[in-house]
Amino acid sequence: MAVPSPASRPAAAADPAPALRPRLPSPSQEVRDERFERHGVRLLLKRDDLIHPDLPGNKWRKLVPNLRAAAGRTVLTFGGAYSNHLRATAAAGRLLGFPTVGIVRGDELADRPLNPSLARCAADGMTLRFVDRATYRAKGDPEVLAGLLSAFGDCFVVPEGGSNSLAAQGCTELGRELRGSVDVAAVACGTGGTLAGLAAGLGPERRALGVPVLRGGFLGDVVRGLQEEAFGGPAGSWSLDERFHFGGYARTPPALHAFADDFEQRHGMPVERIYVAKLLYALTELAAEGAFPSGTTVAAVVTGGR
């Protein structure tokens with residue numbers, strides 16, 4: 001799984017955004033659903049999953065500012081065995097012609113056949129380095145990171161999930177695209193970068209709502225920290241509803257699948273289970289609870305396809 005030699009790759013584009021040919025702004029699709037309409041709530045789907053076939057949704061918005069800063073250097077990043085972020089980074093490396101390294105959680109995976117997600121990363125040229133879980137948890141420690149970097153030379157490091165100040169700045173455009181057309185913009189959250197930028201871009205009199213897909217109650221501090229780094233302090237109005245993680249990341253019990261299957265049948269749109277299904281379920285429950293006043297327009301950001 002070695003990185004192809006520089007001679008075998010085209011030169012990296014000076015600006016990755018036009019080279020990737022994204023579909024921007026992503027379309028907004030109104031859906032008629034009585035579970036919202038009976039409460040006077042209008043539901044829009046912000047189809048960020050249609051931005052790019054290999055870098056959908058918030059992956060494109062978060063990665064492109066980082067790739068611009070990397071300027072063709074090797075990009076080293078982190079993820080689990082089924083990480084969408086790793087797949088998107090590897091695909092960007094293939095499309096733009098720069099080397100990529102993925103630090104994968106779980107050294108026990110090193111001797112097993114690659115799952116389809118990691119196999120796609122390898123096919124796109126990503127070098128995979130499997131580390132034990134203790135090392136992975138400590139990846140932010142300067143000494144641990146230096147040890148990981150020592151094998152790969154000069155690298156541009158992108159954090160797990162792609163969320164850093166550059167990513168938050170990139171996601172402000174998502175908020176700007178929705179500004180003036182919605183009252184609430186909601187997004188499923190893993191590492192917080194999309195919510196941090198979305199809220200900043202929405203502007204005054206609008207609210208961003210984050211639905212964490214992980215347990216733990218830590219995400220509020222993360223979002224505040226990202227906004228401090230990206231914008232110098234709080235930016236926009238945002239909140240989190242921690243009730244809809246369904247037990248944690250990648251936990252998708254039968255009730256969630258039943259909800260997603262029903263939404264697909266109602267609206268003819270595939271529903272990704274780990275993030276998007278939890279977001280849509282949350283919004284349906286919140287509408288039933290009266291959380292949105294009659295006359296509210298809510299946009300659900302669809303960050304990935306099934």
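Predicted model: local features only at pLDDT ≥ 70, side-chain atom pairs only at ≥ 80, totals over all residues.
Let's start with the strands. Six of them form an open sheet with mixed pairing, and their order is E1-E2-E10-E7-E8-E9. Strand E1 (28–31) and strand E9 (237–240) stand at the edges; each has a single partner strand, so one side of each is left without a neighbour in the sheet. On average, neighbouring strands of this sheet are turned by 25° against each other, with direction ignored.

**A look at strand E10**

Now find E10, which covers residues 297–301. Is this strand mostly covered or mostly open? E10 is mostly covered, since 5 of its 5 residues count as buried, and buried means under 20% relative accessible area. Thr297, Ala299 and Val301 point one way from the strand, while Val298 and Ala300 point the other way. Residues on both of these sides of E10 are buried.

Which strands pair with E10? One of them is E2 (residues 42–46), which runs parallel to E10 and pairs with it over 5 bridges. Within this pairing, leucine 45 is opposite alanine 300, and lysine 46 is opposite valine 301. Strand E7 (residues 184–189) also pairs with E10 in the parallel sense, here over 3 bridges. In that pairing, valine 184 has valine 298 of E10 as its bridge partner.

The table puts the two pairs side by side.

| Helix pair | Angle | Axes |
|---|---|---|
| H3 (residues 58–70) and H4 (residues 84–96) | about 50° | 11 Å apart |
| H8 (residues 165–178) and H10 (residues 219–231) | roughly 85° | come within 8 Å |

Take H3 and H4, which pack at an angle of about 50°. That angle makes H3 oblique to H4. Their crossing is right-handed. On the H3 side, Lys59, Leu63 and Leu67 make the contact, and they meet Asn84, His85, Ala88, Thr89, Ala92 and Leu96 of H4. Sorted by class, this contact has 5 nonpolar, 3 polar and 1 charged residues.

What about H8 and H10? Their axes cross at roughly 85°. The two helices are therefore roughly perpendicular to each other. H8 brings Ser165, Ala168, Gln169 and Thr172 to the contact, and H10 brings Leu226, Glu229, Ala230 and Phe231. By class, the contact of H8 with H10 has 4 nonpolar, 3 polar and 1 charged residues.

Technical notes:
Residues numbered from 1 in each chain as written. Heavy atoms only, no water. Buried < 20%, exposed > 50% of the residue type's maximum accessible area, 1.4 Å probe, protein only. Helix = DSSP H or I, 4+ residues; strand = E, 2+ residues; numbered from the N terminus. Pairing = 2+ DSSP bridges. Axes fitted to C-alpha atoms, helices over the stretch in contact; angles between N-to-C directions. Parallel < 35°, antiparallel > 145°, perpendicular 65-115°, else oblique. Left-handed = near helix turned anticlockwise from the far one by under 90°. Contact = heavy atoms within 4.5 Å. Nonpolar A, V, L, I, M, F, W, Y, C, P; charged D, E, K, R; others polar.
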